Amino acid sequence: MHANIFIAWTPNDCRSLREDLTQVLKNSGMEIANEGEFPADEAGFKLAVEKGIQKADCFILPIGGKLGESLPTENNVSMSHYQFLKIKQHLAESNFRLFVWQTPLAAPHLLEPKQLEFIDHLKHSITSNMAFTNVPSPLKLADDIRSVMEIPEITLAEVAGTDIFLICNEMDDAEATEVMDMVSDIVPIKKLTVVHDDGLNYDDLSAQQINSSKLAVIYFRESADWALPFVQQVWKKIGGAASKTPLLLIGSSDPNSNAGKYVNAPKIISMIVNADLIPLEIKVQYDKAVESAVKKR
Amino acid sequence: MEYKKICPYPGLRPFNDDESIYFKGRDKNIDSIVDLVEKKKFVMLTGASGDGKSSLVYAGVLPRARAGLLKAKYSSWKVADFRPERDPLGNLTRALHSFLNTDNFETFRKKLSYGFNALVNTYKKSPLFIDVEGKEWKEADEPTKKQLRKKAGNLIIIADQFEEFFTNIENYHNGSSSVESQTVVNLLLETARIALAEYLPVYVILTMRSDYIGQCASFRGLPEYIGFSEFFVPRLKRHDLVQVIEEPAKLNGDRISRRLTEHLLNDITDGYDQLPILQHALNQIWQAADNGKEEMDLIHYAKVGGLDKTRLPDADKIMFEKWLLGIPPFKVKLFEKPSLENVLNAHANELLEKAYDYFVAKHPENANVITREDFMLIVKTTYQCLTKIDESRAVRNRMTLQEISDIIQRPHITARLVGKLLDIFRLQGNTFLKPFITDKPESLKTHKHTILDITHESLIRNWSVLKNWADEEYENWQQFHDFNKQLQRWISNEKQKGYLLPIGPLSFFEDWYNSCKPNKYWLKKYDESETPETEKDAKAHKIIEDASLFLKSSRQAIRRKKNLLVYSTVTVVLILLSFTVWAFLERNKALEQQLIAEQKTQEAVNATKEAIRSKEEALKSQRKAIESEQLAVSAKDTALKAKEQAMVSQQEALKQKSRAEAETRNAQEQSLIAKRETEKAEQQRAISEKEKNKAEKAEMKARQLSLISVSQNLALKSALQNTNPQLQGLLAMQAYRFTKQNGGKVQDPAIYEALRSAYSSLASNSNAVLKGSSAEVRTLAENSTSLASAGKDGVVNYWNVSKGKSESSVGLKYSSPNNFIFISSNGALAASGHENKAVCVWSMNGGKISFVEMKGRKELLRTASFSPDFTTVAAAGKDSMLTIWNVQSGKVIKEINMKSFVKTILYTSNENSLAVITENGEVNLISVSEGSIQNIYSSQTSLPLCGTYIPQKNTLACGFSDGKIRLFNLSASGKVNQLGDNITRVEQISVKNNMLAVSCSDKTIKIYELGNTDLKPIHLKDHKTKVRSLIFDKENKIIAGCEDKTIRVWDTSSDKIAEKLCSLLTRNMTLIEWKQFVGEKIEYEKTCSK
């Protein structure tokens, strides 16, 4: 998918740079939403900005050394500032991006005092989906925009929602099956056994399933060396502390070597318990997770 | 287990196991590497320094593998990671030994040293590998198999910092790698090859700085393997960096503002250390945000020295200002130059500032053992030990605490104490030095074998203090290198005096030696030879001993020389003093500054002591109030700042001093140059003055010559004005004046003649003509009162020349007529020759006449001469016989045969010397006493006719028949000079003072100036008769006795004639006359002043 770029109006000092940027963006495979000059009249200008925002999914606001002309009908706010205010209203939209580009023309010795104030204002107003960059060339800016706008391809597995998602290593599959059998009587539970040699993408698979579950349980008895790194990898995948599904890393106290096998991270509950108590503990943690989710709602 | 919040940003150190979950921004890279490792069993990770190669492996690939996300046979993983360092085989053995082999270490090492499949075979024989075709597996029941599977494990071998195969001289030298290095690389490559071929779960990962990729060719097979599976770690793009910044916070449940992220992104510069600096800054920001409790934002970035407060939003600015008021002054200073890099610099400086107090607080028992100065020395030396310069770049250098304390070399500073002092730099949150202090209590303890290492080289490049220390250390090593060259030259030349250091280098090296204080341990640090430690130790010890002796001997030699030089220098200094005064003033200034600096140092030391004392008191009083503590800290900071300032000033003063000395030398050189230039200029000036004078003189001369030329012209014009005697006189007189005033010769014939003519025209009796002689005047002489003349008739007249008349006369009466008569020069004697061939000598004192008759000659006598003392008289004549008589007695004293008719005879210098002119054309000198004759002239064509003796010059002047006048220098064997250009016969000749007069056959008289042969003679020709006798009187007048019985007198001095002429002039020239005769261009003047 090619990003559709709207390049904001700039004062004359940026004119040449703006033309260069247009060409570079085109060469990089992006589409330009607004080619040519902006209408000279105020109403035409406002309309062009509005249309650009509607059409584009990325807005570039080049900043030079000069603040440029202002709009009498908008309390004499500068045209650059006006564009920023308009774009800001759309920044909450997930697929919309704003790149404020502080060009080399805005070097300290070339800056008008008012433009410096505007830049500081922009810097202080940065929110999500907004970037403020000072890369020296259009080439680098285009490269950055392309990498940001790139949407990674995720292979979605067939995931069926469940309450508890149990993950174990093939070494502990038998014990895990016992646990699952016991828990499944009271709570819906699914199990995933990780087999090292089969080539499945377990982290993606686990992450997708976890996100559809109320509690994820990583069980280990003999496979502590695997379980801890695995839970860490999965935790990263699901967003760590931001994940809505808590992870329960639970190990059997037999063998003794499992003592002290914990992972210290938010949203990960680590515990080593007697093998007999494991189903019970899972239920307790499940209840807590549900309760917490209810509270958050 | 309850979650314990940790910082998601590790700072300078790598991610540990717990923190690997926060390793973000490299997901794609990790996928790629895992893919390569899975498929090829081998990967070489290359990339720039600080681009995160090691982190990619340890926090990316390894956790994935352990999590079962790297496809392998077994669920368990064994990791053998090592750094080559200086013992690659030993380190690889060590890494594998714990889980691969039951042999002892050395046996295992030996086993591995055979290379190729040695490692794989060991793995296969270990419990990590299950041989599914083997009897044990096939016969095992399920529980046994489960046990076997549990023990089995995949193996990853990681050679981190592979470039150490090239950076250590033990591994790589002169472009080739060591045997041991070759063995290790062979093992790694063969292991990967066999693992791939046999599908063994063994993997090899290498990480290396890309700078060394070229050197890999020195290992057989390695380039091919790099080509087979390499991953070049890319620099993170904006999108990746956003993840590095934001994701850890999100994962940890912390918050970070977008604007902070963007600020950080924009502050990251391309180049080295991008990631470590960013990680460190994020760590500090997280701490500043109350350990992640607050949203990390711009204000926190400002609080750690990354952002200028002026760039903060207004609300934050106020908060920041408030916060600034509460922090110690030294910390405020850390915010002076905010930047992303400054965060690390400020943090390090803050630690350095706090470290001593931290140590004292933790180890109060050591407070009196270690002073703050000791502490600073230890920290500085430690960091200098832990850095080295590799190809002009400061890099890390691991050392044990014992090695460091040896270099510090203070008895009370032990390795253990050094360890304690450095604890603050190993603490979590700081982690500048490894090993880090963790939650484990044993990590607090250090011992003498503990190896210290700087966590990341970015610290060396970004902590200004450490950078300076590293530069200083490098400088010290360079100085030592230079010094050692001199030292070794001295040693290799049998320690001869001629190879000792001269004063300049000696002072330089002494200063360096005293400040660096090198010891053998320090030297050993740089000894990279492969010799045993004991040999290195002995070698370093010897160098230090020799160095000390070398400096001492050089100093003694200089002192001896100096003493000798002192005396000579004093003289030189006095001469140069005036030139060097200003330079000394400069030097004094420098010395004053040095004194000021020393005073400041002392003040600072005192202030420091005071601060320490205050602090001790504060501690004793259990820190009664925070306010007082802040004051103490503030005072301490001020003192340290003052000290630093003092040190800077001192250094500056030293620089000034050396600069002043250099300037002094320069000044001396300059003054010498100036002196030489002045002399040159003086010479030039003198030359130019001379030239100017010459020019002026030439100008003057030209003017004078011009006026002289005018005067000649006037003299000629004067002659034409004989009808107007006054004008004639004026012109002659003016000609005379111009000539005289302009250095011309007033005796010039033209001037003289003009004067004399004009005077003749004006004066009624200008030239005296004495008349009254009864016969032609044959001889003249002058005594003190009168002029005597005598004629052939024997009558002697005594004339009053001024009156122009004869005042008395006497007759010299003899029985036979006179043939000749000659009056002595004093006029008192006369000699007369008579036809009876007798000679009479007459005495005429007071008119009383007496005579002595001298007879005995056969022929007529023609000439006679009285000796200068008037005691003898010589006479000669036709008979060629020269006879000398005693005047008083008339007795013959000597007779000499001249062999020719003697025409003239005259005494020269004394009564013993006579000059004789003979008819045959000879001039001879006679020695009366010896009777010898010396011929000085002989000619048949130019015959000598007359002569006179010039006593002043001991010269005989003779007149010749051809008009020549020849001067015979009797002191130089008759050397001849010719005078004048006369062409008529010279008949009479007379000399007085500088004038020589001759009368010629043309009846004229010529007066020459002797010694001025260029000047033409005065030519007197206003008489009509032959001159028979000629003399100068006492007034230098020329007096001629003439054939017509007259005596004529001429003034010969132009001055006298001019004086007389002037008295006769009644007017001066009119302006018209002046313009007409003299010229308009010449300023008018009176000709005669009266």
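## Extent of the interface

In this predicted model, 48 residues of chain A are in contact with 45 residues of chain B. The area buried between the two chains is about 4,100 Å². Carbon and sulfur atoms give 52% of that area. On the side of chain A, the residues that lose the most area to chain B are A:H196, A:K236 and A:N264. Together these three residues give 18% of what the chain A side buries.

## Polar and charged pairs across the interface

Between chain A and chain B there are 20 residue pairs in polar contact, both residues being at pLDDT 80 or more. Several secondary structure elements of chain A each supply at least two residues of the side that touches chain B. These elements are helix 4 (113–124), strand 7 (130–133), helix 5 (138–149), helix 7 (202–211) and helix 8 (224–237). Helix 8 of chain A gives the largest share, 8 residues. Sorted by class, the side of chain A that touches chain B has 19 nonpolar, 16 polar and 13 charged residues.

The interface of chain A and chain B also holds 4 salt bridges. One salt bridge between the chains joins the side chains of B:K150 and A:E222, at 2.7 Å from N to O. Both residues belong to a network of salt bridges, in which A:E175, A:R221, A:E222, A:D254, B:K146 and B:K150 are linked.

## Domains of chain A

The domain assignment divides chain A into domain 1 (4–149) and domain 2 (164–296). The C-alpha centres of domain 1 and domain 2 of chain A lie 48 Å apart.

Over all chains, the whole structure has 73 salt bridges.

B:R64 forms a salt bridge with B:D31, and their closest N and O atoms are 2.8 Å apart. This pair links distant parts of the chain, 33 residues apart: B:R64 is in helix 2 (residues 53–66) of chain B, and B:D31 is in helix 1 (residues 27–40) of chain B. B:R64 counts as buried because its relative accessible area of 9% is under 20%. B:D31, at 40% relative accessibility, is partly exposed.

In the pair of B:E198 and B:K124, the closest N and O atoms of the salt bridge are 2.5 Å apart. B:E198 is partly exposed, with a relative accessible area of 40%. B:K124 is also partly exposed, at 29%.

The salt bridge of B:R238 with B:E262 has its closest N and O atoms 2.1 Å apart. Here the linked parts of the chain are 24 residues apart, with B:R238 in helix 11 (residues 238–252) of chain B and B:E262 in helix 12 (residues 258–267) of chain B. B:R238 is buried at 7% relative accessibility, and B:E262 is buried at 1%.

Note on methods. Residues are numbered from 1 along each chain as its sequence is written. Chains are lettered from A and ligands numbered from 1 in the order in which they are written. This is a predicted model: local features need pLDDT of at least 70, side-chain atom pairs count only at pLDDT 80 or more; totals for chains, interfaces and linings use all residues. Side-chain values use heavy atoms; hydrogens and water are left out. Contact means heavy atoms within 4.5 Å. Buried area is the accessible area (1.4 Å probe) that two parts lose on being put together, summed over both. A polar contact is a pair of N or O atoms within 3.5 Å; within protein, one must be able to donate a hydrogen and the other to accept it, and residues adjacent in sequence count only if both atoms are side-chain atoms. Helices (H or I, at least four residues) and strands (E, at least two) are DSSP runs, numbered from the N terminus. Ala, Val, Leu, Ile, Met, Phe, Trp, Tyr, Cys and Pro count as nonpolar, Asp, Glu, Lys and Arg as charged, and the others, Gly among them, as polar. Domain bounds come from an automatic or database domain assignment. Buried means under 20% relative accessible area, exposed over 50%, partly exposed in between (1.4 Å probe, protein chains only).
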